[in-house]
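My entries follow in the order in which I looked things up.

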Amino acid sequence: MPVRVALIGAGRIGASHAEVLARRVPEADLVAVVDPRPGAADLVAGPLGATALTSVDDVLADPAVDAVVVAAATTAHHDLITTAAAAGKHVFCEKPAGLSLAEIDAARTATADAGVVFQVGFNRRFAADFAAAHELITGGRIGEVQLMRSLTRDPGTGPADPGSVPLWTIFTQTLIHDFDTLNWLNPGAHAVDVLATADALIAPGHRESGHLDTAVVVIRYSNGAIAIAEASFAAAYGYDVRGEIFGSGGMVTMGEGATTALRLHDIAGRAAFTSRSDTDLMIGSYTGELAEFCRAIQEKRPAAVTGDDAWAAYAIAQACIDSMTSGGRVAVAR
């Protein structure tokens, strides 16, 4: 029986998740879309045959809703997770699951106490090439992990209003994907410490206000592996998500950004057509993570990405903030 899902938040990523749930995940039945902004839920719910609502309370009180997918503003994630869990709803939440380690700890405790499935949206684990790399690494095909790299470069020319970007976003909302990916691709190890460096290279006029749009982080792991995580808010050539894991017996690489294997050869040279958004490049992984959430509910088991994973990734993000503040290497909380 499909899981009856209500989506909370009808913004850009919420609209994408709604369409994925309604059209690409047979394990799900999108029954409602909730957004307090007048008309926002109607625009998303209408074409998909779901009910449009403005009150989260109505959804949480509805026995016909089994689960919620939280795609609202990041500042609301913690409260939505805990209130949904208290109402007995299974919870999928976009990253991060909170804006501090204390909030994420409260979220994972609330969902565990309620006995509901809790999954966080680290979608890179569900991208075909990253998943295949994980299987090769856990199968010992590249030997002992030694060097790691993960990067995220957002498409375009950067934020339209850099001043509106919350402080530390590059660590807590962008690189947090890379932190989870590195943790996942180095199984059995944990992050020990970090050294972060970042600047406003895209919008230098906002440097004095603390804006950061370009960053590199060095992470040392308990098994001796050294990782680099890199991010930029402006990649002119398209959305760029890549990874590389080098081991004692080989190497795996993931991510290319091309929409197809087609290459254009003309007078300008050889070109590939690249994805210009996350909802384009990562649509398969968005589908995979939401399908996993629904299957975990149906099979009455924990999801593949848990609150513990969310806490571990945010612990690295917090260490990056502390590293930027102190100017030195900082231990990662355990």
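I looked up Pro96 and found it in the loop between strand 5 (90-93) and helix 5 (101-114), where helices (H or I, at least four residues) and strands (E, at least two) are DSSP runs numbered from the N terminus. The peptide bond from Lys95 to Pro96 is cis, with omega near -15°.

I note that this is a predicted model, in which local features need pLDDT of at least 70 and side-chain atom pairs count only at pLDDT 80 or more, while totals for chains, interfaces and linings use all residues. Residues are numbered from 1 along each chain as its sequence is written, and side-chain values use heavy atoms, with hydrogens and water left out.

Trp168, in the loop between strand 7 and helix 7, has phi near 70°, and Trp168 counts as partly exposed because its relative accessible area is 23% (buried means under 20%, exposed over 50%, partly exposed in between, with a 1.4 Å probe and protein chains only). Lys300 has a positive phi of about 55° and lies in the loop between helix 9 (283-298) and helix 10 (307-326); Lys300 is exposed, at 76% relative accessible area.

Last, I checked the record: the unreviewed UniProt entry annotates residues 3-122 as "domain: Gfo/Idh/MocA-like oxidoreductase N-terminal", with positions in the numbering used here, feature names shortened, and annotations that may be inferred rather than shown by experiment. Over residues 3-122 I read 39% helix and 22% strand, with the end C-alpha atoms 21 Å apart.
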